[in-house]
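Trainee: Let's go through this model and check each label against its definition.

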Amino acid sequence: MRSPPARAAKARSRRARAAALAAAALSVLPAHAAANGVFPSADQIVFDPADPARAVARMTYGLLATRDGGASWHWICEGAVGYDDTGGVAPPIAAAEGGRVLAALSDGIAIGAEGGCAFARAAELEGKAVLDLSVRQGDPSHVVAVVAGQRHGLWASRDGGARWASAGALLPAGFQARTIDVAPSDPRRIYVSGLATGGGPVKGEIARSADGGETWETSVVPGSTTSREPYIAGVDPRDADVLYVRIASAPGRLFVSRDGGATFEPVFDTQGFVRAFAISPDGAEVAVGSDVDGVFRAPSSTLSFERVSSVAPRCFAWTEAGLYACASEFLDDFTIGRSLDGGATFEPLLRQACIRGPLGCAASTSVGALCPLDWPRIAMMTGHEDCAPDAGSPAASSGASASATGATGAGGATAASGAGGAASGAGGTGGAPEVSAGGAQPAGGARPSDASCGCRTAGASAGWAGALAATCLAAAAAARRRRA
């Protein structure tokens, strides 16, 4: 078992001070300015398997979509997808064949089509509580979902989520599922994490099937229980027997199983939550992120983790273009960023003030009808600014990304430029499996730069709440850089 090095303690104290600034900002913001009562942030990102320039990020206030590799982002409201996240639990999302964006809801699966403008429901799952879903890496037509019921069960789609059917046998009696994943190298190998509630103390378990869900075996995840639930982090793309499981609690822990989920070995401990995890598609490296201790990377052959960054990621997605991360702007100065050096430095691709507005959709679609009505609230909450390049600026002539504002990575490190990215692929964040395809650089091919965002405040429409949040963000980031 390997733990973060002692020098992470200093980073934790810095994060505590920055978090205090964030809390102070939120305490004076009006209640409706917060995203469902929490600070607005991203916690999952998935890429279109057929078009790596298209991605969708799950936010605490709906979804964000980009169609140009992160150069610009547009908002999709919760109501258009079909949920109301006032309880603070966001739906797992996935990107499947045909450009479909799938969301697992408490009453079915929402299927996004028309570039994310129109969301329909999977008729076969209408009214059923879908707990999690996963698209098989390398075969986006194959989607699996785990559905609640008197006994939890597996459903599958072979056409990218358009049509669904019950698959295999029900999960063992008393097994309460939480997450699901299918092995990239073997579509019949399926893993489900959850709690075993039948008789005796409640234990965290992994249910595993080698025949597509026709039969199931279970094994206990050491030290897991109702307050320390096991979540699948990822499955090695080369070897279906290699499974990573994280414990959803603080202190956090990451386990690996090399025998198909029969036994588990702890390989990483952190004082915080294990929020992010990713595997390179060739399986050579893994990255893990803690909200307290930062980003760690290791060869999968040794799992000897090395701390490479103080960024506190909330999600990872590893693609051909690099390692993508969700982060907190209060702490790390970006909401979505990309690393070309395996997590050591990140270039910002999204700051929330630079969201362009609702996704442009016809008024006859759910997004076109509902989202513009709620945009003023989101604009105030995010401190919306005009982030288009100023005419005549270097960014305007170079084609640099308008939304990726600034070349300085979190912690003051300059983002890598021109360096080759890490191996391609994706690992789940744990709790919501990620789907990967090749990523894309921001439109125009230029690296983000300080000139790439004019950041002209959009007059009174930004609101004092957004301005205050932006001020606290700047103070937190500046304090963090001074002490780095």
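**Labels and cut-offs**

Trainee: What makes the place of Val101 part of a strand?
Mentor: Val101 lies in S6, residues 101-105. Strands are DSSP runs of E, at least two residues, numbered from the N terminus.

Mentor: A note on the basis. This is a predicted model, where local features need pLDDT of at least 70, side-chain atom pairs count only at pLDDT 80 or more, and totals for chains, interfaces and linings use all residues. Residues are numbered from 1 along each chain as its sequence is written, and side-chain values use heavy atoms, with hydrogens and water left out.

Trainee: Why is Val101 called buried?
Mentor: Its relative accessibility is 11%. Buried means under 20% relative accessible area (1.4 Å probe, protein chains only). Therefore Val101 counts as buried.

Trainee: Which residues does Val101 touch, beyond four places in sequence?
Mentor: Val56, Ala94, Ala110, Ile111, Gly112 and Phe119. Contact means heavy atoms within 4.5 Å.

Trainee: What makes S23 and S24 a pair?
Mentor: Pairing takes at least two DSSP bridges between two strands. Three bridges join S23 (residues 294-299) to S24 (residues 306-309), so they pair. The strands run antiparallel. Arg297 has Glu306 in S24 as its bridge partner. Six residues lie between the strands of this hairpin, where Leu303 takes a positive phi near 55 degrees.

Trainee: Where does pLDDT stay under 50?
Mentor: Over residues 1-7, and over residues 391-468. pLDDT is the predictor's confidence in each residue, from 0 to 100. The protein's mean is 80, and 72% of its residues reach 70 or more.

Conventions: Helices (H or I, at least four residues) and strands (E, at least two) are DSSP runs, numbered from the N terminus. Buried means under 20% relative accessible area, exposed over 50%, partly exposed in between (1.4 Å probe, protein chains only).
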